[in-house]
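Colleague: Before I set anything up with this model, I would like to go through its charged contacts, its core and its pockets with you. Could you take me through them one at a time?

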Amino acid sequence: MRIARWTHGDTHGEGFVIEDAVVPFPREATVREVLAAGLPAAADLYGRADPAEGVPLFEVTPLAPLVPAAVRDFAVFEEHVEGMSADSNGDPHVGEAWYESPTFYFTNPHQIFGTGHRITPPATEQLDFELEIAVVVGGVDGHPGTDLSVDEAAEHVFGYLIMNDWSARDIQTAEMRGHLGPAKGKDFATSLGPWIVTADEMAPFLDAEGFLDVRAEVYVNDELIGADLVSNMAWTFPELLVYSSRASRIVPGDVIGSGTVGNGGCLGELWGKAGGELVPPPLQEGDAVRMAVEGLGVLTGTVGPSREPHPLPAARARPAPRARRAQRQAHLDRW
């Protein structure tokens, strides 16, 4: 099953992609409701969808296939981490901590774009894409999504989609020197799509270890920049859900990104391997990025004009040690 959201004229639609048409969910159900109900309920709904109500794909404007409850983005491709950690000689410096457990950051669920949409980045000289695959979490009866085992986590894998984690590398590098982030280097845009492909449809691509054995490619202005096998992940998607739910909770509609694939899954990796030389060049206004993943489809996006920020002052230096003024302290003491 493929699940999508779209606009058609003045109407908004949510439903299945059947052959080359979009077909609304029966009972005007929403993607959020379908995810909460889980895969078995989605299959039942699919059986009652009426293809006669379909609208050809070429007549609709696709939206991101869901409004995420939250977006966690991991970094589980070693080759990508090698490139991003490389020094001025192009030599990688992957820390031991990376091998001990998968790590992620939260990104902005309010700046989500569908395939074919234009993004407007911040003022940056190092705009980048990131080719990723993501899991969409679905509901499982009787389980709140906390402290999952690997087997339980696999039941929460509702489906997969392609993810482009657009990144402003110069902003990201500067802010992470403050030992926090990434934040403003990434929170301006994430593209998801073109649709959610349900886990049952992707099951034939799983290898013996539970990895998706599919090829992922990324093109800029029709030039192939990078390609990798998704099975080169260091942890499976259910294992990423286990880690996400540890002493916490995942819920239907959460998006769990794999992080960037290796072998040119982003420009930053290639820049690192080149010792910091910006080759291929950063993205510019008008550039078109196309990502294709076997079984999942094609996700596209174009670069629009950047947005200049309103100025902010530098941090105010404060003296230390600090103490309340005597008059204010006396007032507080009366209380």
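Modeller: Let us begin with a salt bridge, in which the side chains of Lys 273 and Glu 79 meet at 3.1 Å, N to O. Please keep in mind that this is a predicted model.

Colleague: How many residues apart are Lys 273 and Glu 79, and which helices hold them?

Modeller: The pair links distant parts of the chain, since Lys 273 belongs to helix H9 and Glu 79 to helix H3.

Colleague: Is Lys 273 buried, partly exposed or exposed?

Modeller: Buried would require under 20% relative accessible area and exposed over 50%. The relative accessibility of Lys 273 is 36%, so this residue counts as partly exposed.

Colleague: Which residue forms a salt bridge with Lys 186, and why does the pair tie together separate parts of the chain?

Modeller: Lys 186 lies in the loop between H6 and strand S14, whereas its partner lies in the loop between strands S10 and S11, so the pair ties together parts that are 56 residues apart in sequence. Both residues are buried. The closest N and O atoms are 2.4 Å apart, and the partner is Glu 130.

Colleague: What is the relative accessible area of Asp 222, which meets Arg 290 in a salt bridge?

Modeller: The N to O distance of this pair is 3.1 Å. Asp 222 lies in the loop between strands S15 and S16 and Arg 290 in strand S18, so the pair ties together parts that are 68 residues apart in sequence. Arg 290 counts as partly exposed at 28%, whereas Asp 222 is exposed, with a relative accessible area of 62%.

Colleague: Which residues do salt bridges with shared partners join into one network?

Modeller: By the rule applied here, the count comes to 12 salt bridges. Those that share partners make one network of Asp 128, Glu 130, Asp 165, Arg 169 and Lys 186.

Colleague: How many residues does the largest nonpolar core have?

Modeller: The residues with the most contacts inside this core are Phe 129, Ile 133, Tyr 160 and Leu 283. Ile 133 touches residues including Tyr 160, Phe 237 and Leu 296. The size of the largest nonpolar core is 59 residues.

Colleague: What is the volume of the largest pocket?

Modeller: Helices H3, H4, H6 and H9 are among the elements that each supply at least two residues of its lining, which divides into 13 nonpolar, 16 polar and 7 charged residues. The volume of the largest pocket is about 970 Å³.

Methods:
Residues are numbered from 1 along each chain as its sequence is written. This is a predicted model: local features need pLDDT of at least 70, side-chain atom pairs count only at pLDDT 80 or more; totals for chains, interfaces and linings use all residues. Side-chain values use heavy atoms; hydrogens and water are left out. On a 1 Å grid over the protein atoms alone, a cavity is a set of points where a 1.4 Å probe fits but cannot get out, and a pocket is an open set with protein on both sides within 12 Å along at least five of seven lines; lining residues have an atom within 4 Å of a point. Grid points are joined across faces, edges and corners, and a volume is the space filled by probe spheres set on the points. Helices (H or I, at least four residues) and strands (E, at least two) are DSSP runs, numbered from the N terminus. Ala, Val, Leu, Ile, Met, Phe, Trp, Tyr, Cys and Pro count as nonpolar, Asp, Glu, Lys and Arg as charged, and the others, Gly among them, as polar. A nonpolar core is a set of buried Ala, Val, Leu, Ile, Met, Phe, Trp, Tyr and Cys residues joined through side-chain atoms within 4.5 Å. Buried means under 20% relative accessible area, exposed over 50%, partly exposed in between (1.4 Å probe, protein chains only). Contact means heavy atoms within 4.5 Å. A salt bridge is a side-chain nitrogen of Lys or Arg within 4 Å of a carboxyl oxygen of Asp or Glu. Lists of a residue's contacts leave out its neighbours within four places in sequence.
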